[in-house]
Amino acid sequence: MVSKKLKKRSKKRSALSAEQSTEPTLTRKEQRAKERAAAKVRADLIQFTVLTFLAAGLVGLMLGLIVEPTLGIAATASLLCLSLSFKYQRYALYAFIIYIPFSGTVTYMLGGNSLLQLAKDAFYIPALIGVIQMCRKKRLSILLPEAVKVPLVLVIAIVVLNILLINLPQQFESAGDESPLLMGILGLKILLGYLPVITCIYYLMRTSDDLYFLLRIQAVLVLVACVLGFTQYLMLKTGICSGTEGIGAEGVDLFKASLQSRCFVGGSLLYSPSQGQIRLPGTFVAPWQWGWFLISSAFFSFGTAFNDRSPFWRLVGIISLITVFVMAVVSGQRIALFLVPIVVGVLSVMTGQVANLKRFIPIGVILGLILVGLTIRNPELMQERVDSFQDRWNASPPHAFVMQQFEEVMDAQDGILGNGVARATNAARIFGKVRLLETYHPKLLYELGPLGLLFIVIMYAAVSVATFKAYRKTRDKNLRGYAASMWVFVLFISFFPYYYPLDVEPVSVYYWLAAGIALKIPTLDKQERELANPKKKRKLRSRRKSSLNDAVPEEPQLA
């Protein structure tokens with residue numbers, strides 16, 4: 001046994017030495033040139049940052065003195081964010097992804113202004129403009145994947161047609177208390193505004209290291225957000241936060257989430273233990289956003305738990321997946337309690353991890369023990385959650401509820417166009433009266449008519465097919481597992497009939513993020529295979545600067 005182990009180690013060392021021998025050795029002249037290039041990059045970074053700080057500070061100072069100090073501070077921060085995001089798109093994309101789980105907490109920590117909910121776009125939009133400029137310069141395709149182009153044109157055409165023929169006449173007919181035109185523009189942004197995330201993530205991920213780094217960030221974000229959410233639960237449980245009953249709520253108010261009962265992080269909260277009611281928002285604005293964050297996080301955490309190449313990060317993925325299970329139980333989110341275990345089960349089968357007994361059995365045993373432990377230690381809590389779910393199901397079965405919403409919308413349908421873009425979108429209520437529809441496809445039918453619903457379903461189907469093909473092209477075991485997780489997420493969200501997750505954060509961003517990751521993975525897989533071949537390694541490195549994967553100009557490596 002000892003001799004076999006020694007032989008294996010010697011083989012690994014010889015393989016490593018052979019691999020290192022294929023590394024191109026730099027001459028002194030090449031080393032000096034590399035050092036000069038790195039110094040130039042650092043100098044450019046310092047110069048640009050200093051000039052940006054000075055310009056933003058000057059504008060902010062003027063606004064602060066003339067108008068209001070708070071406005072000056074906000075202007076300074078905004079200009080800094082916009083300028084740096086435009087210059088350094090990759091870091092802006094990371095900041096965008098990091099900000100999303102904590103956007104609700106930041107919003108209410110700074111006063112609750114609704115404009116703060118758009119703060120994430122200060123990272124996203126400048127980075128997108130920079131990527132589009134790069135694509136034009138390099139003559140690269142801006143719209144990805146190719147299969148989505150025709151459906152997207154049809155969707156944009158039907159949306160614009162509804163804005164011109166429905167929203168615009170409503171604008172002239174309104175008495176001034178509504179803005180249907182602005183409502184339509186906001187509806188277009190909600191529907192397609194984050195689709196270019198696919199392009200950003202595709203071109204800004206240059207190597208598999210970038211992919212692993214991004215998904216590891218996501219696993220850490222899930223873990224941190226769940227820990228903060230659990231702290232919120234403990235503060236309510238121990239009486240540090242008063243909850244809904246503590247603010248003097250009575251009657252029906254005991255069953256409604258409100259900002260008055262906000263606790264520690266997030267926004268609107270419901271906690272009435274005497275009535276068996278709990279709906280925690282976690283770090284988000286509202287409880288339903290937190291529920292969909294947990295569902296989405298199950299996909300990302302599962303991918304890291306099973307497919308990261310580092311044992312340490314696989315452990316982090318397992319821990320983040322466990323926290324998702326725990327928060328699905330204690331947060332009172334019925335849909336998360338129902339879907340998170342189903343998601344993990346479906347992923348285990350569709351990604352082939354069930355057959356990978358070496359990894360699947362330990363993780364399955366750990367998750368099972370955690371759930372059993374929670375059940376034994378808190379039988380009343382578990383029973384309360386199960387009873388709440390059963391009561392909701394019996395009162396309004398999801399399939400019957402969806403059909404009822406379709407029937408209501410069909411009764412209100414007149415012609416091939418809808419009733420106006422965003423006329424059933426909750427976020428557009430600031431511009432006028434909207435109809436409450438709690439399922440996505442009836443909502444699309446009400447707003448855009450049958451053609452609009454058809455074209456949007458075709459577009460989502462095209463994205464699902466493209467990500468499936470990308471998953472099937474991938475050969476590397478770890479990358480293939482990630483691609484499978486992202487494809488299943490895209491497929492699940494594309495056709496999920498209950499609620500409207502594609503209209504709200506974080507799913508409205510994570511959907512396109514997952515699609516971009518899945519589409520890029522085959523290219524990264526090809527890179528890995530070429531690097532593993534010593535004959536192709538030197539050739540690949542010599543052409544890397546001009547390849548599609550390095551089309552984005554090199555950015556300075558921040559310490």
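**The nonpolar patch and beyond**

Tutor: On the surface, F338, I342, V346, V349, M350, V354, W393, L491 and F495 form a nonpolar patch, and together they have about 700 Å² of accessible area. This is a predicted model, in which local features need pLDDT of at least 70 and side-chain atom pairs count only at pLDDT 80 or more, while totals for chains, interfaces and linings use all residues. Residues are numbered from 1 along each chain as its sequence is written, and side-chain values use heavy atoms, with hydrogens and water left out.

Patch members have over 30% relative accessible area and no salt bridge, with nonpolar side chains (Val, Leu, Ile, Met, Phe, Trp, Tyr) joined within 5 Å and like charges within 9 Å; a salt bridge is a side-chain nitrogen of Lys or Arg within 4 Å of a carboxyl oxygen of Asp or Glu. Areas come from the Shrake-Rupley method with a 1.4 Å probe, and for residues only the protein chains shown count as cover.

Helix α14 (334-350) gives the patch its largest share, namely five residues, and both α14 and α19 supply at least two residues each (helices, H or I of at least four residues, and strands, E of at least two, are DSSP runs numbered from the N terminus). W393, another member of the patch, sits in helix α16, which covers residues 379-395. With a relative accessible area of 34%, W393 is partly exposed, that is, between buried (under 20%) and exposed (over 50%).

Turning to the aromatic side chains, one cluster is formed by W288, W292, F299, F300, F489, F492, F496, Y499, Y500 and Y510. Rings of Phe, Tyr and Trp (its six-membered ring) pair if their centres lie within 6.5 Å, and planes under 30 degrees apart count as stacked, over 60 as edge-to-face and the rest as tilted. The count of aromatic pairs by this rule is 30. In the pair of Y124 and Y194, the ring centres are 5.2 Å apart and the planes stand at 45°, so the pair is tilted. Because Y124 belongs to helix α6 (residues 121-138) and Y194 to the loop between α8 (180-192) and α9 (197-204), this pair ties together parts that are 70 residues apart in sequence. Y124 is buried at 5% relative accessibility, and Y194 also counts as buried, at 5%.

Most residues other than glycine have a negative phi, and most peptide bonds are trans. Against that background, L144 and P145 are joined by a cis peptide bond with omega of about -10°, and P145 lies in the loop that runs between α6 and α7 (149-173). A cis bond also joins E505 and P506, where omega is about 0°; P506 is placed in the loop between α19 (477-495) and α20 (507-532), and α19 is a helix that also contributes to the nonpolar patch.

Positive phi values occur at F264, where phi is near 70°, and at A422, where phi is about 75° although the residue is not a glycine. F264 is found in the loop between α11 (243-246) and β1 (270-272), where F264 is partly exposed at a relative accessible area of 39%. A422, by contrast, is buried, with a relative accessible area of 0%, and its place is the loop between α17 (398-411) and α18 (440-473).

Technical notes. Buried < 20%, exposed > 50% of the residue type's maximum accessible area, 1.4 Å probe, protein only.
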